[in-house]
Amino acid sequence: VIESARNLLSADKCALFMVDQEAKQLVCRFSEEEEEVKMALNTGFAGHVATTGETLNIEDAYLDKRFNRDIDTQTGYRTKTVLCLPVKYEGHIVAVTQLVNKMKGGVTFGVFDRDDEDLFHAFSSFVGVALRNSNLLRDIASESRKNRTILRMAESLANINME
């Protein structure tokens, strides 16, 4: 879903930051090939959105004090424009979606506009539903594993009683 938003909104990069409330961290993988990146919950634009619920549409990241330059410094990438918004599930912020650098013809071009924000909000709603479904499937799988373990234990006990 996020990759579709990146293509439709002509962004160079996209990211989904999962909110880990217990560890007070944001967890992100920028691509399938890269390792997870973990950062404090209040770090950067994503941290601001995760803690406030505000949508951010930044025209020049380097002019904003909330910008976390670490990734650009490590990779040599140059972040210019950013569109960042919360993903909510049952009223709680569970993730943050972020688009970086509005593109046209393979070069950074302009800023994300109000239409981009509206469309990205719609995509973020789908992300919320997808995360909910993913969590439900994970919970079902966990319950299934527990039930299989209980069944094996019951079968073992029944076999012991028969002997």
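Predicted model: local features only at pLDDT ≥ 70, side-chain atom pairs only at ≥ 80, totals over all residues.
Q: OK, and what percentage of the residues count as buried?
A: The chain has 163 residues, and 34% of them count as buried.

Q: How many helices and strands are there?
A: Four helices and seven strands. Going along the sequence, the order is α-β-β-β-α-β-α-β-β-β-α.

Q: What share of the contacts comes from residues 24 or more positions apart?
A: Taking the contacts with a separation of 6 or more, 49% are between residues 24 or more positions apart.

Q: Let's go to strand 5. How many of its residues are buried?
A: Six of the eight, counting residues 82-89, so strand 5 is largely enclosed by the rest of the structure.

Q: Which sense does strand 5 take with strand 6, parallel or antiparallel?
A: They run antiparallel, and eight bridges join them. As one example of who faces whom, Val87 is opposite Ala95 in strand 6.

Q: What's in the hairpin between those two?
A: Two residues sit between strand 5 and strand 6, and Glu90 in that hairpin takes a positive phi near 50°.

Q: And strand 4, how many bridges does it make with strand 5?
A: Three, again in the antiparallel sense. Ile58 stands opposite Val82 of strand 5 there.

Q: I'm curious about Asn57. Where is it?
A: Asn57 is in strand 4, which covers residues 56-58. Its relative accessible area is 26%, so Asn57 is partly exposed.

Q: What does the Asn57 side chain make a polar contact with?
A: One partner is the side chain of Glu117, at 2.9 Å. The Asn57 side chain also reaches the backbone oxygen of Phe112, at 2.8 Å.

Q: Which residues does Asn57 touch overall?
A: Leaving out residues up to four places away in sequence, Asn57 touches Val82, Leu83, Phe112, Asp113 and Glu117. Take Leu83: 26 residues separate it from Asn57 in sequence, but their C-alpha atoms are 4.6 Å apart in space.

Q: Switching to Lys102. Buried or exposed?
A: Buried: its relative accessibility is 15%, and the cut-off for buried is under 20%, so Lys102 qualifies. Lys102 lies in strand 6, residues 92-104.

Q: Which side chain does Lys102 join in a polar contact?
A: That of Asp116, at 3.1 Å.

Q: What else does Lys102 touch?
A: Not counting residues up to four places away in sequence, its contacts include Leu9, Ser10 and Thr81, plus Val107, Thr108, Phe109, Gly110, Val111 and Phe112. Phe112 is also where the Asn57 side chain reaches a backbone oxygen.

Q: New topic, aromatics. How many pairs does the structure hold?
A: Two aromatic pairs. In the one made by Tyr62 and Phe67, the ring centres are 4.9 Å apart and the planes are at 65°, so that pair is edge-to-face.

Q: Which residues form the aromatic cluster?
A: Phe45, Tyr62 and Phe67. Phe67 is buried, at 13% relative accessible area.

Q: And what lies over the face of Tyr62?
A: Arg78, at 3.8 Å from the ring centre. Tyr62 therefore has Phe67 edge-to-face with it, and Arg78 over its face.

Conventions: Residues numbered from 1 in each chain as written. Heavy atoms only, no water. Buried < 20%, exposed > 50% of the residue type's maximum accessible area, 1.4 Å probe, protein only. Polar contact = N/O pair within 3.5 Å; in protein donor to acceptor, adjacent residues only side chain to side chain. Contact = heavy atoms within 4.5 Å. Phe/Tyr/Trp six-rings, centres within 6.5 Å; stacked < 30°, edge-to-face > 60°. Lys NZ or Arg CZ within 6 Å of the ring centre and 35° of its normal. Pairing = 2+ DSSP bridges.
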